[in-house]
Amino acid sequence: MPIWYGGDYNPEQWPEEVWEEDVRLMQRGGITLATVGVFSWARLEPREGEFDFGWLDRVLDGLHAGGIRVDLATATASPPPWLPHAYPEVLPVTADGVTLSVGSRQHYCPSSPVYRRLAARLVSAIAERYGSHPALELWHVNNEYGCHVAHCYCDVSAKAFREWLRARYGSVERLNEAWGTAFWSQQYGDFAEVYPPRAMPTFTNPGHALDFDRFSSDELLDCYRMERDILREVTPEVPITTNFMGFFKGVDYWRWAKEVDVVSDDSYPDPADPDSPAYGAMVRDLVRSLGAGRPWILMEQASSAVNWRRRNAAKPAGMNRGLSYQALGRGADGILYFQWRQSVAGAEKFHSGMLPHSGTETKTWREIEQLGGELAGLDRVRGTRVPADVAILFDWDSWWSIEQEATPGEIPYVQHAFAWYRELHRRTVTADFVSPSADLSRYRAVIVPSLFVATAEALAGLDAYVRAGGRLLVTFQTGITDQDAHITEGGYLGVLAETLGVRVEEFAPPAGPDLAGTGGAPVPGTAFGGELIRGGTGTLWSEYLHSEGADVLASFEGGELDGWPAITANRRGEGRAWYVATLPDPDAMAALLDAVLSDAGVSPVLAQPVEGVEAVRRGDSVFLVNHTPAEARVTLNGAEHVLEPRGVAVLDIDGL
């Protein structure tokens, strides 16, 4: 079976005479899969209870006749105007009490029983009509859940939140204990007294805020499950997906990934950001990991510029192809776009399409056509897996909690993880992402960036991993609270303090700006040095750290922390554990990671990495992607390979 190749197809935006041309051009471009109907609710149900499927019949029949498979959407992401007009209670409400109106998309409260009832009716009608259509390859539920409305604070949501809390805690007494409501006279006498964390005079109760994040993710998940279950009953043999958004804060994808048949993702790296190739690779590795290593689908990307940044840079020639190969090399079995034909009206008319406004005599179309031809010859990689010896622990509870107000210091969770990932990427070391409950035994090394919320079981699991011979690197702000947002029993790090051979006495984050966005440059804070790392600079964080048997590899220099440990290493059972009390500058981080990876016996794909060249193994192939505008020479297994500017190569391992 060939690699899926295609994108969102919105024929309802065009007169029918264009549809035949679309199919001809799709065939010319090597398109094998079209996502249809994502935003077509108003066209499918123009008035409540009145369905019009005739136009969609003709679209699907035309695609099938042209040999193009269909990823059919349920169209529930954007309710038609008649729905909130007739039922205004479905509209979402912000924490400040503002009701969001019609005229955009995602204008619905996920907890609304009215929305769910009408969405279920639509999905049932679509499933019954098209479940046996010969073009149907995949079901596409809703679209980018939570992208614009990850939380709703209306009274309907308040009622649902109380029911969620009752199911979680059983009694209001247990709720009070979990949230620590003895502080600030917050004790509740009944679940009816609990509201969403709406706008307040000052800081929200941390447990309250964390549970509302969990609840909001679960409410959206319930919406997905409702639609999925309808589809599964009608077409149990057709796989079902919904498109994730990489590192998206609003939804805990570890919980969601178990509910989809195939993980799919929307990804839009900024062409103007030099860190985009590395960050894009990190997103691909997360998405693959969410599905436990199974192949996934790049459901959306841009062929060139998007329309929603302050400055929308176009992709230079070759970048779209290179980022597509990056996704393929990191486990994707489908390379798709938003969208097929660039719109001429609406809010996204300046978002690039596979077929741009300027037509087929363009660099964008030539690259789309070229890529389609190349993917048709890469069916050998479909279904194969991506090996990884290193894991990075990533946790949505920690993300939600560490970025709350009233914490020890502002730490951008994803950017912190990216700082470590970027150094692995430069070394052509492939990494999986894992949840706190994952089995770590197959990894040679595990990196834990700021696991702020850590259950006793998670900390014990990390300790067991080290005792059994694993190599563990833990950074600051790990093991600070438990799952109820209480300070970890036994003090910071909990049982992991013994694993690491250290004790955190007090936090002392340096003054000055923090990381400014993905790839943002931190401002130097505290110098440190030691036998392993000489003259390094710590940024973002520092603390009063005691060694309790660990070897001190680097110490802070100057100021109040002069002489205090900054980086330590400790033997534990058959393994070794490092603790890092700051964010080292890239050179210092490189030296530390080299030591950890060497000790763990981790080998990179390229023995001699080349700056700007990505290398990853998938199955029996090695993917090379040159992300630079200059020619690059890469040596792999003693053979030299020349990559043109922004060029790619797929090499069979047996032939190296």
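A: The account below begins with the sheet, moves to another group of strands, and ends with helix contacts.

The model is predicted, so local features are given only at pLDDT of at least 70 and side-chain atom pairs only at pLDDT 80 or more, while totals for chains, interfaces and linings use all residues. Numbering starts from 1 along each chain as its sequence is written, and side-chain values rest on heavy atoms, without hydrogens or water.

Strand 1 (residues 4-9) pairs with strand 2 in the parallel sense over four bridges, and Gly 7 lies opposite Ala 34 of strand 2. Between strand 1 and strand 2 the chain passes through helix 1 (residues 17-29), giving a right-handed β-α-β crossover (clockwise from the first strand over the helix to the second, with the strands pointing away from the viewer). Strand 2 is also joined to strand 3 (residues 69-73) by four bridges, and these two strands run parallel; Val 36 has Leu 72 of strand 3 as its bridge partner. Both faces of strand 2 are covered, with Leu 33 and Thr 35 on one side and Ala 34 and Val 36 on the other all buried (under 20% relative accessible area, 1.4 Å probe, protein chains only; over 50% is exposed, in between partly exposed).

Elsewhere in the sheet, strand 8 (residues 296-300) and strand 9 (residues 332-337) pair in the parallel sense over three bridges, and Gly 334 in strand 9 is the bridge partner of Ile 297.

Strand 12 (residues 445-448) is joined to strand 13 by four bridges, and the two run parallel; Ala 445 stands opposite Arg 471. The chain reaches strand 13 from strand 12 through helix 15 (residues 456-467), again as a right-handed β-α-β crossover. Strand 13 also pairs in the parallel sense with strand 20 (residues 575-580), over five bridges, where Val 474 faces Tyr 579. Because five of its five residues are buried, strand 13 is largely enclosed by the rest of the structure. Arg 471, Leu 473 and Thr 475 lie on one side, and Leu 472 and Val 474 on the other.

Turning to the helices, helix 6 (residues 155-169) and helix 7 (residues 172-179) pack at about 90°, with axes 9 Å apart. Phe 161, Leu 165 and Tyr 169 of helix 6 meet Arg 174, Leu 175, Ala 178 and Trp 179 of helix 7.

Finally, Asp 397 belongs to helix 13 (residues 396-402) and is buried, at a relative accessible area of 16%. Apart from neighbours within four places in sequence, Asp 397 contacts Leu 210, Arg 214 and Val 453.

Note on methods. Axes are lines fitted to C-alpha atoms, for helices over the stretch in contact, and angles run from 0 to 180 degrees between N-to-C directions. Contact means heavy atoms within 4.5 Å. Two strands pair if DSSP finds at least two bridges between them.
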